[in-house]
Amino acid sequence: MPVGGLLPLFSSPAGGGLGGGLGGGGGSSSGRKGSGPAAFRLTEKFVLLLVFSAFITLCFGAIFFLPDSSKLLSGVLFHSSPALQPAADHKPGPGARAEDAAEGRARRGEEGAPGDPAASLEDNLARIRENHERALREAKETLQKLPEEIQRDILMEKEKVAQDQLSNRAGFRRLPPVYLAPVNTIGAIDREPADAAIREKREKIKEMMKHAWKNYKRYAWGKNELKPVSKGGHSSSLFGNIQGATIVDALDTLFIMNMKDEFEEAQAWVEENLNFNVNAEVSVFEVNIRFVGGLISAYYLSGAEIFRKKAVELGVKLLPAFQTPSGIPWALLNIKSMGQRTRDSRFGAYFLRFWSLSLVKFQTSGIGRNWPWASGGSSILAEFGTLHLEFMHLSYLSGNPIFADKVMNIRTVLNNLEKPEGLYPNYLNPNSGQWAQYHVSVGGLGDSFYEYLLKAWLMSDKTDLQAKKMYFDAIKAIETHLIRKSRNGLTYIAEWKGGLLEHKMGHLTCFAGGMFALGADDAPEGMTQHYLQLGAEIARTCHESYNRTFVKLGPEAFRFDGGVEAIATRQNEKYYILRPEVVETYMYMWRLTHDPKYRKWAWEAVEALEKHCRVKGGYSGLRDVYFTKESYDDVQQSFFLAETLKYLYLIFSDDDLLPLEHWIFNTEAHLLPVLSRNLKKVEEDGK
Ligand code: DMJ
């Protein structure tokens, strides 16, 4: 089912859509919530109103019990007050009933029609009495409320004011209009490759997906991951108590492989069981790239509303992570309190409202934190720098700019910071907003931050010039300070520690070959070939890291020192956990060059996976890729289905399956459509 035609999804002023306006109070680029002057004025007003009501109660209580109090009222207090004369063009509003009574009398020609001073006085008194009664009622209701309810009302009011302010400032800060085609018609529909040998290979990869899925379903259905050897569920602490990581991660792979039945059972599970109302401390990054990314991707491919609903619901739950002085989010967040408050709420403005209430709790309970091992309580570049793509889409999917605000603030903080040698250190303190330690890596802790700069540029239909500049500046500095050639001519990306190089490259770093090639077209003048070449060289090095092992799958990290090249020398770096980065680079290199060696290398990986990682109960990682006898780690990682198998499948598909000019792969290989500026282009391409 298509997503629903061409949609200028956010052409109305920010805040005009679903739940719009939360961003006005809480989503400013400062990343802090509820502390604006409007909010303060409103709280103050509420207290004043209470005091005033009490005062009126006392005064009028006394007046009504005094003899001849009407004289007192007319002579002393109200006689000369023109504001209390009935206005000629008054409209129903507070006190309208008294006014209506006067009007009715006038129509009937009764005594006391307008103009008659006695009647006017009576009307005024009636109106005063009515206002007074209402104030009493409200004061009574307020006194009966729980403190939490009063707090909620204050917040609701604040939010309303923020919304009004936002819509009054139409055009002040709006997301650009974008067009989203019924995107699954743009190359998400499977077509058989013409070449029989290629078709057969692709079919084999689909069979691998079936094996992985079938066993997950049989032994670990609903759990995060499968233990393929011991045949049970595997729970990763990364997702807290959120369950079903493999299901959500696999959705779009099932879709593009045309595994309809499996996709449908996965969708049914999401509908019935995917639950974020759990007592769980989750990794904001992991939950974002796998769950939010997986759900958004499934939504765009299938058009099923449930995926959009769940993605936005989860996105909202992640927002409290941004409550830090700098707006740089915490790595870990307990999403429990949010869950309790949203359990019974309907999707849309209602739970978004409640989100803002829950936030008060979060602000005071300090529920976010960073990894205890991270330098000086820092947030990690690759984590907070890998939210951008999904959060931009969340804003378009919810109509609420708050998600975009949060990640644009991260961008601003990073852009404004002084960078050592133009490099981005891996650690940033969210309290001070300053770098914590000068360690730089294009592998673990840094990797996908660079990837997301490039992809933000591409996903914005090449309008996000800031992302483009930051990306090309960053990779220039990386090339100068981190990229080296080994004695035998292998190009590698080392790690930088305060100016000293560690000549080690991680499996994770291997994604960079594809990244360099993907960005090459838009490189500064004269650099396109250079970056394509750099991509090819990294691909070759990573292939070597595979080729120099016994199993022909690469280690977690390999070194270029002590007389070795592209080989792991430390026992704790020899494992392979079904990671995708090397085949990911092959996929981009294949698409961008059509050099047949990338298909050849990809097929080597398929054969190695079949020979060494496939077990009866699924696919397992290996503890040592140099060891002649398999030692299984007994985990079928969810990214094996989301990424490794998807990239392999694409290498043996035609280029019109998920064309790169329409689709951006998030760092977990989930599909996000380009936010197109051009309706016509989208229409044409969609045909
Ligand atoms: C995946 O979750 C993502 O690719 C992430 O960016 C890095 N680690 C794993 C795969 O290795």
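## Sheet and ligand site

An open sheet of three strands runs in the order 8-9-10, and its pairing is antiparallel. Strand 8 (379-380) and strand 10 (434-437) form the edges; each has a single partner strand, so one side of each is left without a neighbour in the sheet. The structure is a predicted model.

Strand 8 pairs with strand 9 (residues 427-429) in the antiparallel sense, over two bridges. Across this pairing, I380 stands opposite Y427 in strand 9. Strands of a sheet pair through backbone hydrogen bonds, either parallel or antiparallel.

The ligand sits in the largest pocket. Two elements give two or more residues to the shell around the ligand, namely helix 10 (284-302) and helix 23 (638-651). The residues around the ligand are I289, R290, L508, R579, P580, E581, F639, E643, T667 and E668. By class, this shell divides into four nonpolar residues, one polar residue and five charged residues.

| Side chain | Ligand atom | Distance |
|---|---|---|
| E581 | oxygen | 2.7 Å |
| E643 | oxygen | 2.9 Å |
| T667 | oxygen | 2.7 Å |

Taken alone, the ligand exposes 290 Å², of which the protein buries 92%.

Note on methods. Residues numbered from 1 in each chain as written. Predicted model: local features only at pLDDT ≥ 70, side-chain atom pairs only at ≥ 80, totals over all residues. Heavy atoms only, no water. Near = heavy atom within 4 Å. Polar contact = N/O pair within 3.5 Å; in protein donor to acceptor, adjacent residues only side chain to side chain. Areas by Shrake-Rupley, 256 points an atom, 1.4 Å probe, with all protein chains shown as cover. 1 Å grid on protein atoms, 1.4 Å probe; cavity = no way out; pocket = protein on both sides within 12 Å on 5 of 7 lines; lining within 4 Å. Sits in = over half its atoms within 2 Å of the grid points. Helix = DSSP H or I, 4+ residues; strand = E, 2+ residues; numbered from the N terminus. Nonpolar A, V, L, I, M, F, W, Y, C, P; charged D, E, K, R; others polar. Pairing = 2+ DSSP bridges.
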